[in-house]
Amino acid sequence: MRSAQELNSLALETRRQWGEDSYSPIDIFAIVNGWKEKKITIVRYPLSSRISGMCTRVDDDIVICINSSTSFGRQRFTLAHELYHILYEDINGRVICDMSMGEDKSYSEKEADMFAGYLLMPYDALFQFSNKFLSKWSLGRVIDAEQFFQISHMAMIFRLEKDRFIDSRTAEAFKNIVVSREAARLGYGKELYLPQPEGKKYFTTGEYVRKIEYLAEKDKISEGKREELLLEGFRADIVYNLDEEEGNLND
């Protein structure tokens, strides 16, 4: 099994490939969707409550499916987790990942969890965030950190305990709260802790959409086929021009 230091190093190397520094929060969905060196399609779909996501590769084409019934913070973590399987393991067929974070997980799943945490929040970034404060980690500071790094509450608690910023007793106390309510009381929105809105629970982004639009532009497929494929990929918004941004208010 790879050590924590190795996994943190891999996470930092991945950030460098993206042109990101070692300390700042990242918009992982935007980065992966725009990562044209890798042919990655992201599908958000309401999977079983036991499954966080899955991934598969066929030649150079990669599909990552994320359970859209989970919170936005969890979806970010799942995407980072699946990237580990895709980038740093020789996967054969598909990999299905469950929701647990316990010790009974396989080495592969434990590594992917640790990598995901380091990718979204490298060790040095968490250490520097911690050093901004002289007091111990309160619940408010935990929520501040997870909002800053846009990481799920459970993933944040897991990292703080693993890196020995908090003890197991404190971790258990921080787990047994309604985090969206506590975050709202601190002035934050609840979006990080909520699942996708109903209209976005089925949604595809990345390479799949780009390929369809490229084929249509080159007259390799008809307009009817383009619309059919986009609808199969849950992109009615493109076909029917839904959710169009508003024009200039002065127009």
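Ile 212 is buried, with a relative accessible area of 4%; here buried means under 20% relative accessible area, exposed means over 50%, and partly exposed lies in between (1.4 Å probe, protein chains only). The model is a predicted one, in which local features need pLDDT of at least 70 and side-chain atom pairs count only at pLDDT 80 or more, while totals for chains, interfaces and linings use all residues. Residues are numbered from 1 along each chain as its sequence is written, and side-chain values use heavy atoms, with hydrogens and water left out.

Ile 212 belongs to helix H10, which covers residues 207-217. Helices (H or I, at least four residues) and strands (E, at least two) are DSSP runs, numbered from the N terminus. Beyond its neighbours within four places in sequence, Ile 212 is in contact (heavy atoms within 4.5 Å) with Ile 221, Arg 226, Leu 229 and Leu 230. Another isoleucine, Ile 96, is 116 residues away from Ile 212 along the chain, and the two C-alpha atoms are separated by 27 Å.

Stepping back to the whole protein, the secondary structure amounts to 12 helices and 5 strands. The radius of gyration is 19 Å, which agrees with the value near 18 Å that a compact globule of 251 residues would have. This radius is taken over C-alpha atoms, and the globule rule is 2.2 Å times the number of residues to the power 0.38. The C-alpha trace spans about 60 × 50 × 35 Å along its principal axes. Of the 251 residues, 45% count as buried. Among contacts with a separation of 6 or more, 63% come from residues 24 or more positions apart. The protein exposes about 13600 Å², of which carbon and sulfur atoms supply 49%; the areas come from the Shrake-Rupley method with a 1.4 Å probe, and for residues only the protein chains shown count as cover.

Charges come next. Lys and Arg count as positive and Asp and Glu as negative, while His and the chain ends are not counted. The mean positions of the 34 positive and 42 negative charges are 5 Å apart, with each charge placed at NZ of Lys, CZ of Arg, CG of Asp or CD of Glu. A salt bridge is a side-chain nitrogen of Lys or Arg within 4 Å of a carboxyl oxygen of Asp or Glu, and by this rule the count comes to 12.

Arg 226 lies in helix H11 (residues 223-232) and Glu 213 in helix H10, so the pair ties together parts that are 13 residues apart in sequence. Arg 226 is buried, with a relative accessible area of 13%, whereas Glu 213 is partly exposed at 26%. Also in helix H11, Glu 228 and Lys 225 sit 3 residues apart, about one turn of the helix. Their salt bridge has its closest N and O atoms 3.4 Å apart. Glu 228 counts as partly exposed at 37% relative accessibility, and Lys 225 is also partly exposed, at 35%. Salt bridges that share partners join Glu 213, Glu 223 and Arg 226 into one network.

Glu 82, in helix H3 (residues 72-88), is buried yet has no salt bridge, and the nearest side chain of opposite charge, Arg 74, is 7.4 Å away. Leaving out residues up to four places away in sequence, Glu 82 touches Gly 53, Met 54, Cys 55, Ile 64, Val 95 and Cys 97. Glu 109, in helix H4, is likewise buried without a salt bridge, with Lys 105 as the nearest side chain of opposite charge at 4.3 Å. With the residues up to four places away in sequence again left out, Glu 109 touches His 81, His 85, Val 95, Cys 97 and Asp 98.

Helix H6 has buried residues of its own, among them Val 142, Ile 143 and Phe 149. Their cover includes H3, H4 and H7. Gln 150 follows H6 and has a positive phi, near 55°. Gln 150 lies in the loop between helix H6 (139-149) and helix H7 (153-162), and counts as partly exposed at 25% relative accessibility. For Asp 59, a residue other than glycine, phi is also positive, near 55°. The place of Asp 59 is the loop between strand S2 (51-58) and strand S3 (61-67), where Asp 59 counts as exposed at 67% relative accessibility.
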